[in-house]
Amino acid sequence: MRRLLIGTLTALAVVLAGCSTRSDDDTPSDSAPKPSPTAVSSADFGTLKNVCGPGTPGAAGAQGVTDKKIQVGVLSDVGFTKKSEFTDAAKVFTEWCNAAGGINGRTIDPVTRDTRLTEVRQRVLEACKSDFALVGGGAALDSLGVQDRLKCLLPSFPGQSSQIGAIGSDLQLIASGPTAGYFQYAGYYTWLLKEKYPDSAQQVGIISGDSPVTKVMTGQFKEAVAGLGGKVSYSDLYPATGVADWTPYAQAIKKDGVKGLVFLDDFASLAKLEQALTNIGYVPDWIDANSNAYGPAFAQLAGTALAKQHNYAELFGTAPLESAATNPATQQVLDLFEKYAPGKQVTYPVLRAFSAWLLFATSARDCTTLTRKCVYDNALKQTDWTAGGLQAPFDLSSKTPPKCYSVVEATTNGWKPADFKPNQGLYRCDDAVYQYKTDYGRPATLASVGKSLSDLT
């Protein structure tokens with residue numbers, strides 16, 4: 001799962017998580033008053049027209065659907081992470097959509113399914129009893145619930161997918177993200193190793209937290225770097241509980257002559273490592289900080305180290321927040337947050353979640369009779385999905401990885417788009433692909449639980 005994603009970098013420390021406007025016990029999670037509709041309550045989002053609006057609801061035969069509302073679940077590790085990105089995205093999107101008229105006159109009622117890291121299966125079983133679908137969320141250990149989700153034929157539109165058993169699983173409709181069996185950063189790493197820093201290709205290092213998740217990821221990165229013409233010359237683990245002094249790790253990286261560093265864990269630990277590297281006067285050509293570091297917190301923690309260290313992150317082809325001045329869809333998310341959740345921060349997980357919500361809403365909107373099968377089939381028709389301009393085009397009908405990517409760079413003044421030679425607007429789109437030769441596991445299927453698509457109604 002190298003996600004995040006929308007994936008997660010460790011099961012214990014790095015989780016993109018959130019919750020919705022209503023919790024499992026129907027306790028409101030945000031008491032802010034709902035403002036009356038204004039210009040930002042338009043039914044359009046970016047280039048998408050009439051995403052939400054009034055109408056005459058059809059028959060209400062599907063679970064979670066009445067003549068007045070659609071109940072959906074939002075998986076979230078919020079009870080563990082205390083992070084509210086998915087909460088905020090669910091609140092803002094549904095309040096905007098409902099103010100515009102809902103989905104053909106039905107309001108969307110999001111319900112938090114707080115997985116608390118390890119309670120994924122319990123929350124999925126609850127969703128199976130009452131939700132129409134899962135939308136705009138994610139859980140670090142999402143494979144724990146995938147078999148149950150398939151047994152009850154529950155479609156999922158996640159903001160992130162994390163584990164191998166869940167990534168690419170049946171009835172999962174991810175608006176942009178990893179593809180089962182493929183290294184999801186082939187374009188990004190081709191740029192790093194062959195164009196930007198070709199002298200680093202044979203001296204790549206990997207350091208990660210000591211957990212089962214990151215151990216698998218380390219194997220994947222070693223294989224992919226080699227498959228793209230590079231070599232991992234240094235690899236190390238550190239205790240997942242944390243490190244008091246990062247100097248020995250920095251010295252080992254320097255001794256090995258690491259020129260490109262892959263860091264697979266939480267950005268707070270990375271910031272400390274980079275401070276240690278700077279203190280001993282060592283600067284690799286590049287550091288892949290990953291998308292979890294994308295935000296103001298990492299820059300604040302790393303501090304003056306960013307004047308020396310060169311940090312990059314790839315955003316699954318998502319338009320960076322820094323592009324808002326020239327990208328109307330990104331600016332619209334910021335405006336909607338200002339209206340419906342003032343004071344809340346728009347983050348990378350928010351952008352991923354918004355794309356998932358938009359995919360669900362437009363797929364449901366186009367159903368004469370709202371059924372899971374109709375929504376699923378409509379989503380698969382999206383062969384050039386951009387979420388109204390929030391991301392590079394993505395083909396939901398394909399099992400091949402996306403060809404477009406976006407790269408940002410961390411500086412002492414925050415993040416900014418990197419000089420990665422975009423050739424399609426904000427993105428670079430090329431043919432770099434790497435398919436794993438090793439079997440790291442496979443996504444769950446309907447057949448594995450004795451079901452098929454013909455059972456979906």
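Predicted model: local features only at pLDDT ≥ 70, side-chain atom pairs only at ≥ 80, totals over all residues.

Q: How many disulfides does the count come to, and which pattern do they follow?

A: In general, a disulfide is a covalent bond between the sulfur atoms of two cysteines. Here the count comes to four, and with bonded cysteines counted along the chain the pattern is 1-2, 3-4, 5-6, 7-8.

Q: How far apart are the sulfur atoms of C52 and C97?

A: The sulfur atoms of C52 and C97 are 2.0 Å apart. This pair links distant parts of the chain, with C52 in the segment before β1 and C97 in helix α2, 45 residues apart. Both C52 and C97 are buried.

Q: Is the disulfide of C367 and C374 left-handed or right-handed, and why?

A: The torsion about its S-S bond is about -110 degrees, so the disulfide of C367 and C374 is left-handed. By contrast, the link of C404 and C429 has 110 degrees about the S-S bond and is right-handed.

Q: Why does C404 count as buried?

A: C404 counts as buried because its relative accessibility is 14%, and the cut-off for buried is under 20%.

Q: Which residues lie nearest the centre of the largest cavity?

A: Rolling a probe the size of a water molecule over the atoms shows where empty space is left. In this model, the largest cavity holds about 230 Å³ of space. Its lining comprises 24 residues, and Q184, P402, K403, C404 and Y405 lie nearest its centre. Helix α5 gives the most to this lining, with three residues. By class, the lining has 15 nonpolar, six polar and three charged residues.

Terms used
Residues numbered from 1 in each chain as written. Heavy atoms only, no water. 1 Å grid on protein atoms, 1.4 Å probe; cavity = no way out; pocket = protein on both sides within 12 Å on 5 of 7 lines; lining within 4 Å. Points joined across faces, edges and corners; volume = space filled by probe spheres on them. Helix = DSSP H or I, 4+ residues; strand = E, 2+ residues; numbered from the N terminus. Nonpolar A, V, L, I, M, F, W, Y, C, P; charged D, E, K, R; others polar. Disulfide = S-S within 2.5 Å. Buried < 20%, exposed > 50% of the residue type's maximum accessible area, 1.4 Å probe, protein only.
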